[in-house]
Amino acid sequence: MATERNDIEEALNRRYEAGFVTDIETEYLPPGLSEDVIRQLSAKKHEPQWMTDWRLEAYRHWLTMPVPEWAKLKIGPIDFQSISYYAAPKARPKSLDEVDPKLLETYDKLGVPLHERAKLAGVAVDAVFDSVSVGTTFRKELAAAGVIFCSMSEAIQEHPELVRKYLGSVVPVADNYFAALNCAVFSDGSFVFIPKGVRCPMELSTYFRINAMNTGQFERTLIVAEEGSYVSYLEGCTAPQRDENQLHAAVVELVALDDAQIKYSTVQNWYPGDENGIGGIYNFVTKRGDCRGARSKISWTQVETGSAITWKYPSCVLRGDDSSGEFYSVALTHHAQQADTGTKMIHLGRNTKSKIISKGISAGRGQNTYRGLVKVEKGAEGARNYTQCDSLLIGKKCGAHTFPYIEVKHPSAIVEHEATTSKISDDQLFYCRSRGLGEEDAVSMIVDGFCKQVFKELPMEFAVEAKKLLEVSLEGAVG
Amino acid sequence: MSAPLLQSLEQGFAGLPPAAVQAAQLGEVRRASLAAALGDGLPGARAERWRHTSLRALERRTFSPLAAADESLVAGLARQIADTAPAGADEMPAWLQTLRQLSAQRVPRLVFVNGTFAPALSQLHGLPAEVRFEPLSQALADPARDPRELEFLARRFNAADETFARLNAAFALDGLLLRVPAGVQCAQPVALVMLGAAAEGDRALHLRHLVEVGEGASLDLREYQFAATAQANLCNSLVHVHLRRGARLEHLRVQAEDADAVLLARTDAVLAGEADYGRTDLELGAVLSRHELNVSLQGSGARLRSNGVLLADGRRHLDTRLGVDHAARDTACELTWRGLGAGRGRAVFHGGILIRAGADGTSAQLSNKNLLLSPHAEIDTQPVLEIHADEVKASHGATVGQLDPAALFYLRSRGVPEAQARRQLTEAFCRIVLDDLADTALREQIDALLAQRLAGVGA
Amino acid sequence: MLKIENLHVRVAGKEILKGLSLDVKPGEVHAIMGPNGAGKSTLGNVLAGREGYEITAGTVDFGDKDLLQLEPEERAAEGLFLAFQYPVEIPGVNNTYFLKAALNAQRKYRGQAELDSMQFLKLVREKLRVLHISDELLHRAVNSGFSGGEKKRNEIFQMALLEPRLAILDETDSGLDIDALKMVAEGVNHMRSPDRAFIVITHYQRLLDYIVPDFVHVLAEGRIVESGDKSLAHKLEEHGYAWLDERRVPERSAV
C-alpha cells in the first residue's frame with residue numbers, strides 16, 4: 001500500500017506538460033492601466049480613430065463598474081495596475097516563413113502545426129502568442145472559398161466595415177466587468193467571416209498561449225456566419241508554469257444568420273497552479289452566441305481542465321424562430337482549482353430549442369460549480385429545453401455544486417432539468433479492477449465514460465487530446 | 001429615507017405596551033432587532049435570495065401593529081363556529097370548516113386572531129399532562145417563569161436580508177409554545193390556527209412559535225393560516241422546530257389566506273440524531289406569500305420529508321425557499337414539490353440542498369415539477385445542490401411544462417370530456433404531495449380542499 | 001357498424017396507412033395481423049382519435065356517425081373502446097374515481113341517468129367478480145406502478161365496465177404469460193354478443209387460439225393485403241410474414 005501511495009504522490013507532482021517558457025525577446029508596455037496606456041496600445045497597432053474611441057469609451061465605463069462579487073469562488077483582489085496590457089515578440093514577422101524559429105518550436109511542442117508542412121493535419125490555425133497573433137495558416141485556401149480567417153488586428157485594418165458592424169453587437173461594451181476591460185485593452189484575437197451559403201472547407205483553430213511574465217491576455221474573437229453557412233472552430237489554450245496568477249479575460253462573440261451553423265469547441269488547458277494552489281491562470285471569459293437568424297444553430301463544446309479559476313458561461317441568445325443552442329461541457333477541477341461554469345439559454349424566438357449537457361468532475365480540493373440559466377420569454381412559443389448536469393466526486397475534500405435557474409413565461413414551453421451528484425462508483429471500480437485494470441486506469445475509464453456524451457461532440461483530434469488531458473489532470477486523484 | 005413600510009412599523013413599535021416589550025428582559029433584543037431591520041432596509045433587487053420576489057410594491061404600503069384582541073370580533077367568530085345550522089359544505093369557507101372539525105374532534109388547539117391569542121376559540125386541554133402547551137403571551141406575562149424557557153426569543157439575526165425575521169424578533173408578543181417532553185407520544189393531533197380578519201386599517205401581525213419534541217417523543221402538528229374575513233394584512237410568522245434525538249414530528253401546514261393578504265413565514269427546524277420530520281405544505285392563498293423553510297439535519301440518521309404544492313393563480317405570487325443543511329452522517333431528505341402557474345400568478349421555488357464535509361452516507365432527493373397554464377403566468381424554479389462530501393447520493397429534477405398529452409388522450413378515449421380530464425390530471429399532479437399523509441381522514445379532507453381550490457383555477 | 005374506406009394516414013410526414021379498407025359488422029371478431037411497422041397500432045390510434053395522425057384520404061363511418069369528425073371522448077361515448085398497447089400510467093388519479101367519471105360522462109352523452117356511488121360500486125364489484133380480479137385494483141392510481149400484466153388486465157376490466165359496441169385490442173397479448181393471456185381472452189369471450197364487435201390487433205397467432213376470430217386480415221405496408229378465416233392465422237404462424245412477400249412478388253411486377 002505504501003508503494004502505491006508513493007506512486008500516486010509521484011504522479012501527483014508530475015509536470016504540467018505545457019508549462020515551459022519560450023525564451024524570446026519581447027516588447028512590453030509597462031504595467032499599469034490608464035487612458036494613455038490604451039492610446040499607446042491602439043497606436044502601436046495602428047488602429048483607426050473609431051477603434052481608439054471605442055476602447056476609451058469602454059475603459060471609462062469600466063471605471064464606473066463595481067468589481068464582481070463571487071458567489072462561489074474564493075479569489076483575492078486583482079491589482080489591475082500591476083499587469084502589463086501588451087506583450088509581443090519583438091521581431092514582427094511578415095509571413096509565417098519569417099516567424100522566429102523559437103516560436104514555431106513552441107507551437108510544435110504544443111502539438112500545434114503552424115507550418116504549412118503540417119497541412120496534413122488539415123486544420124487552419126491562427127496562433128496568438130501573448131498579446132498578438134503570430135500567424136495564420138491556410139489563408140489562400142480559405143480565401144478561395146471566400147472565408148476570412150485572420151487576426152483581429154488585421155481584420156480591423158482590412159475589413160473595418162465588418163468589424164464595425166459586428167464587434168460588440170453580441171456582448172455589449174458594458175455587459176460585465178471583465179468584458180468591459182477586454183473592450184478597452186484587447187490586444188488581438190481571431191476574426192472569422194463565412195459568407196452566405198459557404199460551408200467552411202476545413203476546421204478553423206486558434207491557439208492561445210501566454211508566455212510573458214506579468215501580462216494579462218485579453219483576446220477578442222468574432223465569428224460571423226452568414227445565411228446558410230457552416231463553420232467549426234476550435235480553440236486551445238496553454239500557459240507556462242509560474243508562481244503568480246495571470247489574468248486571461250477574453251470575449252468571444254458569435255453571430256449566426258438565417259440557417260447558419262457555428263460549432264465552437266474549446267479545450268482549455270491554462271496552467272492550473274500547483275497542488276498547493278500557487279500560481280495559475282484566472283480565466284474570466286465572456287462567450288456568447290447570437291442565433292440572430294431563423295433556423296440558425298450555435299453549439300458550444302468545452303473541455304475545461306486548466307486554470308486556477310475558471311469563470312465562463314458560453315451562452316446562446318435564441319432570437320431567430322426555430323433556432324437552437326447547445327452546450328456540452330466537461331469541467332475538471334483538481335488540487336485547488338475552482339471552476340464556475342455553465343451556460344445561459346435565452347429563448348426569444350418561436351420554436352427555439354436548447355440542450356445542455358454538463359459533466360463536472362471534482363478531485364483533490366477542487367470546487368466545481370455548474371451555474372446555468374434557462375429563460376423562456378413571453379414570445380417564445382413552443383420553446384424546449386433539456387438540461388442534464390452530472391457531477392462526479394473523486395476524494396473527500398472536493399466540492400460539486402449545481403445552481404440552475406429556470407424562468408418560464410410561456411405556457412407552451414417544456415423545460416426539463418435533471419442533475420445528479422455521486423462519487424465514483426465503488427462497484428464499477430471493483431468490477432474494472434477485478435478484470436485486471438489498475439485503479440487509475442479504471443478511474444480514467446469510468447471518467448471517460450462519464451464524459452462520453454460531451455466528447456463525442458468534439459472533432460476527432462480534439463476528442464483524443466481532451467481524453468488525454470483528463471487522464472493527466474486526474475493523475476493522483478485516487479488513493 | 002427608509003421605505004413607508006418600515007417607517008410605519010417604526011412608528012408602530014413606539015406604540016407597543018412598554019411592559020410587553022420589556023417582558024423577559026427582551027427589550028434590548030427587540031430594539032436592536034428593529035434597529036438592524038431599519039438599518040439594512042428591505043432586501044432589494046440585487047439580493048440573491050430575493051431574486052424572483054420583488055418587495056417594491058410592498059415597501060410602499062403602510063401597516064400598523066395590533067397588540068390587543070378585538071373581543072367582539074372573536075365572539076362573532078365563536079358564534080359562527082358554534083352555529084351548527086347545516087350549511088352546504090361547498091360554500092362553507094375553509095376556516096370555518098376547519099375550526100368546526102377541530103372543535104367537533106376536540107383537537108387541542110391555539111387560535112390566534114389577528115396575531116393575538118383567542119381563548120374563546122382555543123382548547124388547551126386534551127394533551128398528556130407533561131406537555132407544555134400555551135400561548136407565548138401567557139409565558140411572557142409570567143414573572144416567575146424560568147428565563148431559559150424563552151431563550152429562543154433572544155436570537156439575533158445577522159444577515160442583512162433577514163429583515164422579516166428581525167421584525168419578528170422586535171414585534172412578536174404572542175405565538176405557540178409547545179414542548180413535548182422525552183418519550184411522550186401524543187396520540188391526539190395539535191393544531192395551530194392563525195386567522196386574519198379585517199381590522200381598522202391594514203395591520204402588521206407578528207407571531208413567534210416554538211415546537212419542541214423531546215427525545216423519542218412524537219407529535220402530529222397542524223398549522224393553518226386562514227382569512228376569517230376579507231383583509232389585506234401583513235402576517236409575519238416565525239416558527240422554531242426543535243426535534244431531539246429520535247423525535248418524530250408530522251407537520252401539516254395549510255395556507256389559504258385572503259387574496260389580498262401578505263404572508264411572510266419562516267420555519268427554522270433543527271434535527272438531532274435519528275429525528276424524523278415530515279412536512280406537507282399547501283400554499284393556496286394570499287397575494288404574496290414567501291415561506292423560508294430551513295432545516296438543519298445535525299445528528300446522524302436525521303431525516304426530512306418535505307412535500308408541498310404552490311397554487312399560483314389569480315395574481316398570486318408564491319415563493320417557497322427550502323434550505324436543507326446536511327451536517328451529519330447518514331442523513332436523508334426527500335423533497336417533492338409541485339407548482340402551478342395560472343391567471344397572472346407566479347410560482348417561485350428554490351430547493352437548496354447543502355451537504356457538508358463529513359456528512360457521508362447522506363442521500364438527498366428533490367423533485368420539483370410545474371404546470372404553466374396561462375400566457376400571463378410565470379414559473380421560476382431553482383433546484384440547488386451544494387456538495388462537500390463524497391459518499392453521497394444526491395439528485396434533483398425540475399420541470400416546467402403542460403399536462404401530459406398521452407394521459408389526456410387516455411382519459412378522453414375512455415369518454416371523459418376534455419375539460420374534466422384536464423381537471424383530473426391537474427388534481428392528480430398536485431395530489432402527489434399528499435401521498436405521505438398517514439391520516440386517511442385528514443388526507444381526504446385536504447384533498448377536498450385542494451380540489452375545491454383547483455375547481456376555481458381557470459387556465 | 002364500422003366501415004373504413006381507403007384510409008390514408010401520415011405520421012410526421014410519412015405515409016403509414018395507404019388505402020386501408022375494412023368492414024366490421026355487429027357480433028363479428030376481426031383479427032388484424034401483420035409484421036412490425038405495418039401500421040397496426042396506427043390503425044388503433046387513428047380510430048380512437050389520437051392527435052398527431054394526419055388523415056389525407058378516406059372515410060370511417062361508425063354506426064351513423066362520421067367517426068373522424070368526433071373528439072376522442074365522443075368516440076368513447078359512441079361505444080368505441082381502445083385497449084392500449086402501452087396503457088398510460090397516471091399517478092394520483094384513482095382508478096375508481098377515473099372510471100366513474102368516464103362511465104358517467106358516457107352515460108350523460110347518451111342521455112342516460114348517471115350512476116351514484118352505490119350503483120357504480122355495485123356494478124364494479126360485479127365486473128371484478130366475473131373477471132376474477134381483486135378489488136385492490138380500485139384503490140390504486142390508474143396503471144401507476146402496475147406490472148405489464150396488471151395493466152392489460154386493467155384495460156380488460158375497463159372494457160367490461162364501459163361495455164363498448166366496438167372494442168379494439170391493440171397487441172393486448174404482447175408481454176403476457178399464458179395465464180394472463182387466458183384471462184384476457186376469457187374477458188373478451190365473456191363479452192362477445194350479437195351486437196358487439198371486436199378488432200383484435202396482434203403480431204402472433206397465439207392469442208387467436210383463445211379468442212377465435214371470424215375473420216383474419218393481414219396488414220402489410222399500410223394496406224390489408226390478405227383476408228381469410230382463422231386458418232389464415234395458422235398459415236402465417238407456419239410460414240412467417242416473409243411468406244406474404246413472396247406471394248406478393250408477382251403482383252408487384254405486374255404493376
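This briefing describes chain B as a whole, one glycine in it, and a sheet of chain C.

The model is predicted, so local features are taken at pLDDT of at least 70 and side-chain atom pairs at pLDDT 80 or more, whereas totals for chains, interfaces and linings use all residues. Residues are numbered from 1 along each chain as its sequence is written, and chains are lettered from A and ligands numbered from 1 in the order in which they are written.

**Chain B overall**
- Chain B has eleven helices and 20 strands, where helices (H or I, at least four residues) and strands (E, at least two) are DSSP runs numbered from the N terminus.
- The radius of gyration of chain B, 22 Å, is close to the 23 Å given by the globule rule for 459 residues, so the chain is as compact as a globular protein of that length; the radius is taken over C-alpha atoms, and the rule is 2.2 Å times the number of residues to the power 0.38.
- Of the 459 residues in chain B, 52% are buried, meaning that 20 or more other C-beta atoms, placed from the backbone, lie within 10 Å of the residue's own, while 12 or fewer make a residue exposed and counts in between make it partly exposed.
- Among contacts in chain B with a separation of 6 or more, 84% join residues 24 or more positions apart, a contact being a pair of C-beta atoms, placed from the backbone, within 7 Å.

**Annotated span and B:G456**
- An unreviewed UniProt entry annotates residues 110–191 of chain B as "domain: SUF system FeS cluster assembly SufBD N-terminal", and such annotations may be inferred rather than shown by experiment.
- The end C-alpha atoms of that span lie 6 Å apart, and the span is 17% helix and 21% strand.
- B:G456 sits in the segment after α11 (440–455) of chain B and is exposed, because 10 other C-beta atoms lie within 10 Å.
- The C-alpha atoms of B:G456 and B:G314 are separated by 9.7 Å, although these residues are 142 residues apart along the chain.

**A sheet in chain C**
- Six strands of chain C form an open sheet of mixed pairing in the order β6-β9-β10-β3-β11-β12, with pairing taken to need at least two DSSP bridges between two strands.
- β6 (80–83) and β12 (223–228) of chain C are at the edges, each with a single partner strand, so one side of each is left without a neighbour in the sheet.
- β11 (residues 215–220) of chain C runs antiparallel to β12(C) and is joined to it by five bridges, and C:H217 stands opposite C:S227 in β12(C).

Definitions and conventions:
Two residues are in contact if their C-beta atoms, placed from the backbone, lie within 7 Å.
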